[in-house]
Amino acid sequence: EMSEMSERSKQNVAHGLAWSYYVGYLKIVLPRVKKSMEEFSRANPNALARRETWKLHILVPLSCDVYDDLEKADSNIQYLTDLTETTLARAGTKKRVYKHSLYAIRDEDKLWHCAVEYATPLQSLYAMSQDECAAFSREDRLEQAKLFYRTLEEILKGSKECAGTYRLIAYEESGEAEPHFLSREILWHLRQQHREEYTVHEGNQLHNPTTTLSSTELNIQISQSDLPQPLRSDCF
(Lines give C-alpha, C1' and ligand atoms only; values in the text may rest on other atoms or scores of the structure.)
Protein backbone atom coordinates (compact mmCIF):
# COMPACT_ATOMS: atom_id res chain seq x y z
CA GLU A 1 0.00 0.00 0.00
CA MET A 2 2.83 2.43 0.86
CA SER A 3 4.56 1.56 -2.42
CA GLU A 4 1.40 2.35 -4.38
CA MET A 5 0.96 5.69 -2.56
CA SER A 6 4.57 6.64 -3.29
CA GLU A 7 4.15 5.74 -6.96
CA ARG A 8 0.92 7.75 -7.31
CA SER A 9 2.43 10.86 -5.68
CA LYS A 10 5.61 10.70 -7.87
CA GLN A 11 7.91 10.51 -4.86
CA ASN A 12 11.59 9.60 -5.14
CA VAL A 13 11.92 10.46 -8.86
CA ALA A 14 14.95 12.77 -8.57
CA HIS A 15 16.37 10.89 -5.59
CA GLY A 16 16.36 7.62 -7.54
CA LEU A 17 17.76 9.23 -10.69
CA ALA A 18 20.64 10.81 -8.78
CA TRP A 19 21.62 7.56 -7.09
CA SER A 20 21.32 5.59 -10.33
CA TYR A 21 23.48 8.17 -12.13
CA TYR A 22 26.12 7.94 -9.42
CA VAL A 23 26.20 4.17 -8.92
CA GLY A 24 25.72 3.21 -12.57
CA TYR A 25 27.97 5.84 -14.16
CA LEU A 26 29.84 8.46 -12.13
CA LYS A 27 31.30 6.04 -9.60
CA ILE A 28 32.69 4.05 -12.53
CA VAL A 29 34.10 6.85 -14.70
CA LEU A 30 35.13 9.66 -12.34
CA PRO A 31 38.05 7.82 -10.63
CA ARG A 32 39.53 7.33 -14.13
CA VAL A 33 39.13 10.91 -15.39
CA LYS A 34 42.49 12.29 -14.25
CA LYS A 35 44.38 9.32 -15.67
CA SER A 36 42.74 9.94 -19.05
CA MET A 37 43.63 13.62 -18.80
CA GLU A 38 47.24 12.76 -17.98
CA GLU A 39 47.50 10.43 -20.96
CA PHE A 40 46.09 13.09 -23.28
CA SER A 41 48.35 15.77 -21.81
CA ARG A 42 51.48 13.69 -22.42
CA ALA A 43 50.53 13.38 -26.09
CA ASN A 44 49.36 17.02 -26.31
CA PRO A 45 51.40 19.03 -23.77
CA ASN A 46 50.03 22.44 -24.79
CA ALA A 47 46.32 21.52 -24.72
CA LEU A 48 45.78 20.81 -21.00
CA ALA A 49 48.10 23.27 -19.29
CA ARG A 50 45.75 23.96 -16.34
CA ARG A 51 45.82 20.82 -14.18
CA GLU A 52 43.23 22.23 -11.76
CA THR A 53 40.58 21.84 -14.48
CA TRP A 54 41.35 18.16 -15.09
CA LYS A 55 37.85 17.14 -14.02
CA LEU A 56 34.59 16.10 -15.60
CA HIS A 57 32.41 19.21 -15.81
CA ILE A 58 28.78 18.13 -15.42
CA LEU A 59 26.12 20.53 -16.70
CA VAL A 60 22.87 20.64 -14.70
CA PRO A 61 20.37 22.99 -16.40
CA LEU A 62 17.32 23.27 -14.14
CA SER A 63 15.14 23.57 -17.25
CA CYS A 64 16.30 20.03 -18.14
CA ASP A 65 16.94 21.36 -21.66
CA VAL A 66 19.80 19.12 -22.81
CA TYR A 67 21.55 19.50 -26.17
CA ASP A 68 23.01 16.42 -27.83
CA ASP A 69 25.49 18.60 -29.72
CA LEU A 70 27.25 21.23 -27.59
CA GLU A 71 28.66 22.95 -30.67
CA LYS A 72 25.12 23.67 -31.88
CA ALA A 73 24.16 24.97 -28.44
CA ASP A 74 26.99 27.53 -28.45
CA SER A 75 29.45 28.31 -31.27
CA ASN A 76 32.13 29.22 -28.69
CA ILE A 77 32.26 25.54 -27.71
CA GLN A 78 34.32 23.40 -30.07
CA TYR A 79 34.73 19.63 -29.98
CA LEU A 80 38.36 18.48 -29.99
CA THR A 81 38.53 14.75 -29.40
CA ASP A 82 37.52 11.93 -27.07
CA LEU A 83 39.62 10.96 -24.09
CA THR A 84 40.85 7.39 -23.56
CA GLU A 85 37.98 4.92 -23.37
CA THR A 86 37.23 2.74 -20.36
CA THR A 87 35.94 -0.71 -21.34
CA LEU A 88 34.20 -2.93 -18.79
CA ALA A 89 31.79 -5.86 -18.69
CA ARG A 90 28.54 -4.53 -17.23
CA ALA A 91 25.20 -6.27 -16.64
CA GLY A 92 25.75 -8.88 -19.34
CA THR A 93 27.23 -6.50 -21.91
CA LYS A 94 30.82 -7.37 -22.70
CA LYS A 95 33.22 -4.53 -23.48
CA ARG A 96 30.82 -1.72 -22.58
CA VAL A 97 32.55 1.55 -23.50
CA TYR A 98 32.66 4.67 -21.31
CA LYS A 99 34.28 7.81 -22.67
CA HIS A 100 34.29 11.61 -22.36
CA SER A 101 34.64 14.32 -24.96
CA LEU A 102 37.18 17.11 -24.71
CA TYR A 103 36.14 20.61 -25.79
CA ALA A 104 37.81 23.95 -26.43
CA ILE A 105 35.89 26.88 -24.91
CA ARG A 106 36.63 30.22 -26.54
CA ASP A 107 37.36 33.06 -24.10
CA GLU A 108 37.86 36.18 -26.26
CA ASP A 109 41.39 35.67 -27.65
CA LYS A 110 42.29 32.40 -25.87
CA LEU A 111 41.00 28.87 -25.46
CA TRP A 112 40.29 26.77 -22.39
CA HIS A 113 40.16 22.99 -22.70
CA CYS A 114 37.97 20.76 -20.57
CA ALA A 115 35.89 17.59 -20.49
CA VAL A 116 32.22 18.57 -20.29
CA GLU A 117 28.89 16.81 -20.62
CA TYR A 118 25.30 17.07 -19.42
CA ALA A 119 23.87 15.07 -16.54
CA THR A 120 21.95 12.62 -18.73
CA PRO A 121 19.13 11.83 -16.20
CA LEU A 122 17.78 15.33 -16.87
CA GLN A 123 16.67 14.01 -20.26
CA SER A 124 14.41 11.58 -18.42
CA LEU A 125 12.88 14.38 -16.34
CA TYR A 126 12.25 16.40 -19.50
CA ALA A 127 10.73 13.41 -21.32
CA MET A 128 8.43 12.71 -18.37
CA SER A 129 7.11 16.28 -18.51
CA GLN A 130 6.26 15.73 -22.21
CA ASP A 131 4.50 12.40 -21.73
CA GLU A 132 0.86 12.49 -20.66
CA CYS A 133 1.15 9.04 -19.08
CA ALA A 134 3.67 10.36 -16.55
CA ALA A 135 1.33 13.14 -15.33
CA PHE A 136 4.45 15.23 -14.71
CA SER A 137 4.05 19.00 -14.99
CA ARG A 138 6.66 21.67 -15.71
CA GLU A 139 6.50 22.69 -12.07
CA ASP A 140 7.17 19.08 -11.08
CA ARG A 141 10.13 19.02 -13.46
CA LEU A 142 11.72 22.14 -12.00
CA GLU A 143 11.22 20.92 -8.43
CA GLN A 144 12.74 17.55 -9.26
CA ALA A 145 15.68 19.08 -11.19
CA LYS A 146 16.61 21.07 -8.08
CA LEU A 147 16.25 17.99 -5.89
CA PHE A 148 18.33 15.96 -8.35
CA TYR A 149 21.15 18.51 -8.10
CA ARG A 150 21.02 18.67 -4.30
CA THR A 151 20.94 14.87 -3.96
CA LEU A 152 23.76 14.34 -6.45
CA GLU A 153 25.87 16.99 -4.77
CA GLU A 154 25.46 15.30 -1.37
CA ILE A 155 26.24 11.86 -2.79
CA LEU A 156 29.42 13.07 -4.50
CA LYS A 157 30.57 15.00 -1.44
CA GLY A 158 30.49 11.74 0.51
CA SER A 159 32.32 9.74 -2.16
CA LYS A 160 36.04 9.32 -1.49
CA GLU A 161 36.60 7.70 -4.90
CA CYS A 162 35.23 10.75 -6.74
CA ALA A 163 36.88 13.52 -4.69
CA GLY A 164 38.50 16.17 -6.89
CA THR A 165 37.37 14.57 -10.15
CA TYR A 166 34.23 16.54 -11.00
CA ARG A 167 32.64 19.99 -11.12
CA LEU A 168 28.85 20.38 -10.99
CA ILE A 169 27.59 23.37 -12.99
CA ALA A 170 23.96 24.03 -12.06
CA TYR A 171 22.30 26.99 -13.75
CA GLU A 172 18.98 28.49 -14.69
CA GLU A 173 18.83 29.99 -18.17
CA SER A 174 17.67 33.56 -18.55
CA GLY A 175 14.53 34.31 -20.55
CA GLU A 176 16.48 36.22 -23.18
CA ALA A 177 18.18 34.42 -26.06
CA GLU A 178 21.94 34.56 -25.49
CA PRO A 179 24.04 32.78 -28.15
CA HIS A 180 27.01 32.30 -25.80
CA PHE A 181 25.20 31.72 -22.53
CA LEU A 182 26.48 28.17 -22.09
CA SER A 183 30.15 28.94 -22.81
CA ARG A 184 29.95 31.87 -20.37
CA GLU A 185 28.72 29.56 -17.61
CA ILE A 186 31.46 27.00 -18.26
CA LEU A 187 34.15 29.67 -18.49
CA TRP A 188 33.20 31.12 -15.13
CA HIS A 189 33.78 27.74 -13.49
CA LEU A 190 37.05 27.18 -15.36
CA ARG A 191 38.38 30.59 -14.30
CA GLN A 192 37.29 30.01 -10.72
CA GLN A 193 39.11 26.68 -10.54
CA HIS A 194 42.21 28.37 -11.92
CA ARG A 195 42.09 31.01 -9.19
CA GLU A 196 40.78 28.95 -6.26
CA GLU A 197 44.18 27.85 -5.02
CA TYR A 198 45.25 31.50 -4.73
CA THR A 199 42.13 33.07 -3.21
CA VAL A 200 42.77 31.74 0.29
CA HIS A 201 46.17 33.44 0.40
CA GLU A 202 44.99 36.66 -1.24
CA GLY A 203 41.74 36.91 0.69
CA ASN A 204 39.71 37.62 -2.44
CA GLN A 205 36.03 36.83 -2.85
CA LEU A 206 34.82 35.22 -6.06
CA HIS A 207 31.34 36.12 -7.29
CA ASN A 208 28.85 33.81 -8.95
CA PRO A 209 27.43 34.78 -12.33
CA THR A 210 23.78 35.77 -11.93
CA THR A 211 22.46 32.54 -13.48
CA THR A 212 24.69 30.01 -11.73
CA LEU A 213 22.97 28.58 -8.65
CA SER A 214 24.80 27.79 -5.46
CA SER A 215 23.78 25.16 -2.92
CA THR A 216 22.64 27.92 -0.57
CA GLU A 217 20.25 29.30 -3.17
CA LEU A 218 18.86 25.84 -3.88
CA ASN A 219 18.40 25.28 -0.14
CA ILE A 220 16.02 28.23 -0.15
CA GLN A 221 14.14 27.16 -3.25
CA ILE A 222 13.34 23.58 -2.25
CA SER A 223 12.45 21.75 0.92
CA GLN A 224 15.03 21.71 3.71
CA SER A 225 14.29 18.03 4.29
CA ASP A 226 16.84 15.49 3.10
CA LEU A 227 13.97 13.20 2.18
CA PRO A 228 12.40 13.44 -1.28
CA GLN A 229 9.14 15.34 -1.27
CA PRO A 230 5.89 14.41 -3.06
CA LEU A 231 5.24 16.15 -6.35
CA ARG A 232 2.12 18.05 -7.33
CA SER A 233 0.15 16.77 -10.32
CA ASP A 234 -2.63 19.38 -10.20
CA CYS A 235 -0.76 21.74 -12.56
CA PHE A 236 -0.41 19.31 -15.44
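Which residue in β6 is the bridge partner of alanine 104? In this predicted model, the partner is histidine 113.

Strand β5 comprises residues 101-107, and β6 comprises residues 110-118. The two strands run antiparallel and are joined by 6 bridges. Together β5 and β6 form a hairpin, with 2 residues between the strands. Glutamate 108 lies in the turn of this hairpin and has a positive phi of about 55 degrees.

Strand β6 also pairs with β1, which spans residues 56-61. Here the strands run parallel, and 4 bridges join them. Within this pairing, isoleucine 58 stands opposite glutamate 117 of β6. β6 is mostly covered, for 7 of its 9 residues are buried. In a regular strand, side chains alternate between the two faces of the sheet.

The largest pocket holds about 420 Å³ of space. Four elements each supply at least two lining residues: α2 (13-43), β5, β6 and α4 (121-130). Of the elements, α2 gives the most, with 4 residues. By residue class, the lining of the largest pocket divides into 10 nonpolar, 5 polar and 3 charged residues.

A second pocket may be considered next. The second largest pocket contains about 210 Å³ of space and is lined by 14 residues. Nearest its centre lie Tyr67, Ala73, Glu173, Glu178 and Phe181. The lining of this second pocket divides into 7 nonpolar, 2 polar and 5 charged residues.

The last element to examine is helix α5, which covers residues 138-157. At 1.5 Å a residue, its 20 residues should span 28 Å, and this expectation agrees with the model because the end C-alpha atoms are 29 Å apart. Helix α5 is mostly covered, with 14 of its 20 residues buried. In an α-helix there are 3.6 residues a turn, so residues three or four places apart point the same way.

Methods: Residues are numbered from 1 along each chain as its sequence is written. This is a predicted model: local features need pLDDT of at least 70, side-chain atom pairs count only at pLDDT 80 or more; totals for chains, interfaces and linings use all residues. Side-chain values use heavy atoms; hydrogens and water are left out. On a 1 Å grid over the protein atoms alone, a cavity is a set of points where a 1.4 Å probe fits but cannot get out, and a pocket is an open set with protein on both sides within 12 Å along at least five of seven lines; lining residues have an atom within 4 Å of a point. Grid points are joined across faces, edges and corners, and a volume is the space filled by probe spheres set on the points. Ala, Val, Leu, Ile, Met, Phe, Trp, Tyr, Cys and Pro count as nonpolar, Asp, Glu, Lys and Arg as charged, and the others, Gly among them, as polar. Buried means under 20% relative accessible area, exposed over 50%, partly exposed in between (1.4 Å probe, protein chains only). Two strands pair if DSSP finds at least two bridges between them. The expected span of a helix is 1.5 Å times one less than its number of residues.
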